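Student: I have a new model open. Please show me how to read it.

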Amino acid sequence: MATATVQGFYLSAQQKQVWQAQRESRVQPSQCVLSLEGTLDVPRLRAAVERLVRRYEVLRTDFVCLPGMALPLQVILAEG
């Protein structure tokens, strides 16, 4: 049986609370709607969002929960 290796970080106390509450269906994900007026320069918007994602690790963070794990690990995805 092959085992997976994941390098990551433990959840903070606040993240643990949110994770457990979501598993118990007490918390719903947040959503946001943005309304823009005028001409949208799509390539420029895409470039700006990509710069933000490269700059802030929180926007590249995934939560990985392997079989047998009660809580996931935070895994920061590579830039690019």
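Tutor: Start with the fold order. Along the sequence, the protein chain runs α-α-β-β. That comes to two helices and two strands. Keep in mind that this is a predicted model.

Student: What share of the residues in the protein chain is buried?

Tutor: Of its 80 residues, 9% are buried. The accessible surface is about 7400 Å², and carbon and sulfur atoms hold 54% of that.

Student: How do I read contacts along the sequence?

Tutor: Take the contacts between residues at least 6 apart in sequence; 52% of them join residues at least 24 apart.

Student: How many disulfides does the structure hold?

Tutor: The general idea comes before the count. A disulfide is a covalent bond between the sulfur atoms of two cysteines. This structure holds zero.

Student: Now one residue in detail. Where is Q74?

Tutor: Q74 sits in strand β2, which spans residues 73-76.

Student: Why does Q74 count as buried?

Tutor: Buried means under 20% relative accessible area. Q74 is buried because its value is 16%.

Student: Which residues does Q74 touch?

Tutor: Leave out residues up to four places away in sequence. Then Q74 touches Q7, G8, F9, Y10, L11, S12, Q15, T61, D62 and F63. Look at Y10 in particular: its backbone oxygen lies 3.1 Å from a polar atom of the Q74 side chain.

Note on methods
Residues are numbered from 1 along each chain as its sequence is written. This is a predicted model: local features need pLDDT of at least 70, side-chain atom pairs count only at pLDDT 80 or more; totals for chains, interfaces and linings use all residues. Side-chain values use heavy atoms; hydrogens and water are left out. A disulfide is a pair of cysteine sulfur atoms within 2.5 Å. Helices (H or I, at least four residues) and strands (E, at least two) are DSSP runs, numbered from the N terminus. Buried means under 20% relative accessible area, exposed over 50%, partly exposed in between (1.4 Å probe, protein chains only). A polar contact is a pair of N or O atoms within 3.5 Å; within protein, one must be able to donate a hydrogen and the other to accept it, and residues adjacent in sequence count only if both atoms are side-chain atoms. Contact means heavy atoms within 4.5 Å. Accessible areas come from the Shrake-Rupley method with a 1.4 Å probe; for residues, only the protein chains shown count as cover.
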